[in-house]
Amino acid sequence: MIIDTPRTRLRPWRDADREAFAAMTADPEVMLDLGGPMSRVTSDAKLDRYIATFHRHGVCRMAVESRDGAFLGYAGVMPSSEDHPLGPHFDIGWRLTRSAWGHSYATEAARAALDDAFTRLGLKKVLSYTAPDNFRSQRVMERLGLQRDPARDFTVDHDGGGAWRGLVWVARPA
């Protein structure tokens, strides 16, 4: 499954993506809101979860590349983990390489992923969440037309230790 946008392509992951994915998740600035860089082992495990989710559910955080094939990051909808504090739901997320910031690729790719989730999967609601200090993602959520829902905000123990607070937005089909 491939989703083309005017400037990007969302596609399933390939083994050849591991190096670029690991480089992105090792970048301290890119990973600042999630507690810092990931080790290669942790990065590979995260990518394996995305691949497995796609095979089970037909959606996941998909690789995002420019139309000329340059790796930009990921974006996509996926089901929550069974133990998520908000219960079962689908959420949308994105993460881009530092060089891809500031070009509206996240908004473009996320909009395409949401459209796919609403049309192909028939979802009626998709959540999105980010840290209180992740203003870039909050602006993407606003550009996508997501509605802030403070009643759903949550706090979880972060993999790297400490607590992570998620501010929640909700997307619904137009």
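The second largest pocket has a volume of about 230 Å³. A pocket is an open set of points on a 1 Å grid over the protein atoms alone, with protein on both sides within 12 Å along at least five of seven lines. Grid points are joined across faces, edges and corners, and a volume is the space filled by probe spheres set on the points. This is a predicted model, in which local features need pLDDT of at least 70, side-chain atom pairs count only at pLDDT 80 or more, and totals for chains, interfaces and linings use all residues. Residues are numbered from 1 along each chain as its sequence is written, and side-chain values use heavy atoms, with hydrogens and water left out.

**The pocket lining**

Lining residues have an atom within 4 Å of a point. The second largest pocket has 14 of them, and Phe 118, Leu 144, Arg 172, Pro 173 and Ala 174 lie nearest its centre. Helix H3 (105-119) and strand S9 (163-171) are the elements that give two or more residues to this lining. H3 supplies the largest share, five residues. Helices (H or I, at least four residues) and strands (E, at least two) are DSSP runs, numbered from the N terminus. By class, the pocket lining has eight nonpolar, three polar and three charged residues. Here Ala, Val, Leu, Ile, Met, Phe, Trp, Tyr, Cys and Pro count as nonpolar, Asp, Glu, Lys and Arg as charged, and the others, Gly among them, as polar.

**The cavity**

Rolling a probe the size of a water molecule over the atoms shows where empty space is left. A cavity is a set of grid points where a 1.4 Å probe fits but cannot get out. The structure holds one cavity of 30 Å³ or more. About 50 Å³ of space lies in the largest cavity. Its lining consists of Met 1, Ile 3, Val 59, Cys 60, Met 62, Gly 76, Val 77, Ala 113, Asp 116 and Ala 117. Strand S4 and helix H3 are the elements that give two or more residues to this lining. H3 gives the largest share, three residues. The cavity lining divides into eight nonpolar residues, one polar and one charged.

**Helix H1 and its cover**

The buried residues of H1 are Arg 18, Phe 21, Ala 22, Met 24 and Thr 25. They sit on the same side of H1, because they cover an arc of only 160° around the axis. The arc is that of the directions from the helix axis to the C-beta atoms. Glu 19 and Ala 23 are exposed residues on the face turned away from the buried side of H1. Buried means under 20% relative accessible area, exposed over 50%, and partly exposed in between (1.4 Å probe, protein chains only). The cover over the buried residues of H1 includes H2, strand S4 (71-79) and strand S5 (90-96).

Ser 43 belongs to helix H2. Its side chain makes a polar contact of 2.9 Å with the side chain of Thr 25. A polar contact is a pair of N or O atoms within 3.5 Å; within protein, one must be able to donate a hydrogen and the other to accept it, and residues adjacent in sequence count only if both atoms are side-chain atoms.

Contact means heavy atoms within 4.5 Å. The contacts below leave aside residues up to four places away in sequence.

| Residue | Relative accessibility | Contacts |
|---|---|---|
| Asp 17 | 6% | Arg 11, Pro 12, Ala 63 |
| Ser 43 | 0% | Phe 21, Ala 22, Thr 25, Met 38 |
| Phe 54 | 18% | Met 1, Pro 12, Val 59, Cys 60 |
| Ala 106 | 11% | Trp 94, Leu 96, Val 140 |

Asp 17 lies in the loop between strand S2 (8-11) and helix H1 (18-25). A polar atom of the Asp 17 side chain is 2.7 Å from the backbone nitrogen of Arg 14.

Phe 54 is in helix H2 (residues 40-57). Its C-alpha atom is separated by 19 Å from that of Thr 8, 46 residues apart along the chain.

Ala 106 is in helix H3. Ala 106 and Arg 61 are 45 residues apart in sequence and 12 Å apart in space, C-alpha to C-alpha.

**A positive phi**

Most residues other than glycine have a negative phi. Ser 104 is not a glycine, yet has a positive phi of about 65°. Ser 104 is in the loop between S5 and H3. At 41% relative accessibility, Ser 104 counts as partly exposed.
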